[in-house]
Amino acid sequence: MRTDRLVAVLLMLQRREQVTAAEVARELEVSERTARRDLDALAMAGVPVYSTQGRGGGWRLVGGARTDLSGLTAGEARALFLVAGPASAATPAVKAALRKLVHALPEPFRAQAEAAASSLVMDPRRWGSSRVEHRPPRFLDDLQDAVIRGVQVRLGYVDSKGAETERTVHPLGIVAKGPAWYLVSHTETGRRTFRIDRVTSADPTGDPVHRPEDFDLAESWREIADEIDRRRTPLEVQAVCAPHAVGILRIGFGDRLEVGGTTTDGRIDVVIRGHDDYTLAGEVAGLVEWLEVTGPPGVRDHLASIGNALVERYS
């Protein structure tokens, strides 16, 4: 606790030209005697701080000195404070902490760091989409704290079908995927992922988390995301595409598109993943000028039906 106070006192000295023991005592909620001891301890530790006596006296840093507690370079400071700006997906607590940290930076870095926090705006909505404000889930901070402290959590949860469960989990990490937040954890049945907005309770047990030695959150999330993508798009359509249209397919299908080699007639083999025959047929129907679906038969049948309906309506 005293180390925390000494850092807090040093930050006060950096923010203000001068502080008194009474001001330190009020801000840190300690006695004036304790505040004086802390100020003396800073001086004994080599911090360039001195006191002046009498009316208007107090404690100052020698020559207005500034100590960089963070060790950041100017570029690192700017990058860090981008996280505190309006474009950030960080929680309010993270943003508040970063804004406080700016006071620990040397004076030449501070203006640029503060400017970085307001230099970028990101609008995740596509043109024409509705305005939806996504708030952090209720238990996000509690679960993040459990991950950091490495303690197990008794988790109440409602799944996508509305079934309510309660179990003890070992929190391993938190991932933001678009507007959604996920908890990656170990359970008695293996690794599980929980949408945090479906969590109904989160009670730390105090028992330590059993964390696999080779666990890597980024790699684990890649595996989870790949598995979810495969479940969401189990159907694969084989097709051949005009070379100049591959770019259009990439825009339309993104990661669901796999581009193969060139056929004997100069077209490109492609595979497109989708949810089901009917949905995928509807997605590719407008690309008939550049794309020929070769399988599976169910998609081709739906495409033929779509074509017949269009001819009947517009002929």
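**Note on strand pairing and helix packing**

1. Strand S3 (residues 151-158) and strand S4 (residues 164-177) run antiparallel and are joined by six bridges. Strands here are DSSP runs of E with at least two residues, helices are runs of H or I with at least four, and both are numbered from the N terminus; two strands pair if DSSP finds at least two bridges between them. The model is predicted, with local features needing pLDDT of at least 70 and side-chain atom pairs counting only at pLDDT 80 or more, while totals for chains, interfaces and linings use all residues. Residues are numbered from 1 along each chain as its sequence is written, and side-chain values use heavy atoms, with hydrogens and water left out.

2. The S4 and S5 hairpin has two residues between its strands, and its turn contains glycine 178, with a positive phi of about 60 degrees.

3. An open sheet is formed by four strands in the order S9-S10-S8-S11, with antiparallel pairing. Strand S9 (257-262) and strand S11 (291-295) stand at the edges with a single partner strand each, so one side of each is left without a neighbour in the sheet. From one strand to the next, the twist averages 30 degrees.

4. Four bridges pair strand S8 (residues 235-241) with S11 in the antiparallel sense; valine 240 has glutamate 292 of S11 as its bridge partner. Helix H11 (residues 297-314) lies across S8 and S11 and runs at about 135 degrees to S11. Angles run from 0 to 180 degrees between N-to-C directions, and axes are lines fitted to C-alpha atoms, for helices over the stretch in contact.

5. Helix H10 (residues 277-284) packs with H11 at an angle of about 55 degrees, their axes being 8 Å apart. H10 is therefore oblique to H11, a term for angles that are not under 35 degrees (roughly parallel), over 145 (roughly antiparallel) or 65 to 115 (roughly perpendicular). The contact (heavy atoms within 4.5 Å) involves Asp277, Tyr278, Ala281, Gly282 and Val284 of H10 and Gly298, Val299, His302, Leu303 and Ile306 of H11.
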